[in-house]
Amino acid sequence: MKFCTVKQYFDDENNNNVTNGIATTVIPLPNKHLKIKANNKEMEQYEQELLRNVMPQELTKLILAANYLNFKEALDFFCRTVANAIQNKSVDYVRKFFGLESDFEPGEEEKLCKEFAWSFEGVDED
Amino acid sequence: MRKKQKTTSLPLPQPRTNAEESDFFDGLPDDLVVFILCKVSSSASSPSDLISILFTCKRLNRLGVHPLVLSKASPKALAIRAKNWSESAHRFLRLCVNSGNIEASYTLGMIRFYCLQNRGSGASLMAKAAIKTHAPALYSLAVIQFNGSGGSKNDKNLKAGVALCARAACLGHVDALRELGHCLQDGYGVRQNVAEGRRLLVQANTRELASVLRARSASPDPGVSGSGCGLLSDFGCDVTEPETHPVNSFLKEWFGSGCDGSGLRMCSHVGCGRPETRPHEFRRCSVCGAVNYCSRGCQALDWKLRHKVECMPMERWLEENNGGDNGGVGGGDGGGEEGGELN
């Protein structure tokens, strides 16, 4: 049963965790899954289209919604998307993409560079 | 996959007005970030995929080395280059081993056993992986038992080697299947059973073909033809060589640059990289005597890959030396699995 939490959701007064917009994106997913279950390529295309316009902030909300609704496939899919986005990219790209600030002291970052010098080869500058 | 608990009690941060300042990972609790990082590490194709994350900010630095993330690291994420080997690389591998990553156990075990010459620790790390049914670890331990590596000639334990090979073969490890097949055909460490040995050799070929075809269909590239796979070329199958484990490439690079010294030879099969641990440990091709192998499996593969064309019976000097010692005939038989004899 994919939506074990949905019943509780309707009973629950506390609806802060899932806003309307996000719910409309996440909830149709199981139906679509069932329809094109046999054909993997179509599913990939559908997923690509769905995510093309989604900004990282939206993705956070989608992940939290999927987690709250206990919807494993969607959670897996969104997290995989994030993982693919940061796969084999340079440090600066990852920071820019997610809006992260480096909170290291200057000395700390150098120490890290030395510690992991052995791993850096063949990174996309993207 | 872990069951996710509902985060109903987690208060979401207030939406910030300036979109650029909001941090993607800020809104996510630690366990979801770890979940994402697990996916990054399990699908990483090189160490830098995962390590770059550690440089971004303090929180990701802390979560990136979470045991769960490290335990899921793929073999390629641990594919350190031999020329980059350092204490810090060693430390990282140890961290992965402690988190329960059996690939790391196997990798560090091989490196410690062969490169750092720490036989005891290397073997025990490989055993740790072998206990968790890691097929390459079982096979590597079998090779060590067959050769008595790290000890003297009397430390060879053929029965133990066969037992380990059998367990790796049950898991479908192609090299182990071949090795076991040859052992059965020759009655080496196990009662001779030629038919059973033959069956295993055929099974090894089939598995190899299946895995190559699977890889090919996953990435259809008409340009990929390769120089011809080992034994399947006999059946007219011109398929690419199977991918070697990153640690074999590490060994090859480490010893290829001449770090061994002391005149110890390496296995002549290109995909292996294992060095001898004492003089004359490996056995050589009895026809030409120019190449030597750590195992029958390596010998069979190398025969088809390249040695078949190079191997030339040293007839002239056999005559001169009254050549009774170098018996055995080179050349493939009908099925094409045998190379020269090993002596």
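Student: Where is B:Ser88?
Tutor: B:Ser88 sits in helix H5 (residues 87–98) of chain B, helices being DSSP runs (H or I) of at least four residues, numbered from the N terminus. This is a predicted model, where local features need pLDDT of at least 70, side-chain atom pairs count only at pLDDT 80 or more, and totals for chains, interfaces and linings use all residues. Residues are numbered from 1 along each chain as its sequence is written, chains are lettered from A in the order in which they are written, and side-chain values use heavy atoms, without hydrogens and water.

Student: Is B:Ser88 buried or exposed?
Tutor: Its relative accessibility is 8%, so B:Ser88 counts as buried (under 20% relative accessible area, 1.4 Å probe, protein chains only).

Student: And what does B:Ser88 touch?
Tutor: Leaving out residues up to four places away in sequence, A:Lys114, A:Glu115 and A:Trp118; touching means heavy atoms within 4.5 Å. A polar atom of the B:Ser88 side chain is 3.1 Å from the backbone oxygen of A:Glu115.

Student: New topic: which residues have the most contacts inside the largest nonpolar core?
Tutor: A:Ile63, B:Phe25, B:Leu28 and B:Trp85, in a core of 109 residues. Such a core is a set of buried Ala, Val, Leu, Ile, Met, Phe, Trp, Tyr and Cys residues joined through side-chain atoms within 4.5 Å.

Student: How confident is chain A?
Tutor: Its mean pLDDT, the predictor's confidence in each residue from 0 to 100, is 68, and 50% of its residues reach 70 or more. Over residues 122–126 of chain A, pLDDT stays under 50. Where pLDDT is low, the predicted coordinates should not be read in detail.

How values were computed:
Buried < 20%, exposed > 50% of the residue type's maximum accessible area, 1.4 Å probe, protein only. Helix = DSSP H or I, 4+ residues; strand = E, 2+ residues; numbered from the N terminus. Polar contact = N/O pair within 3.5 Å; in protein donor to acceptor, adjacent residues only side chain to side chain.
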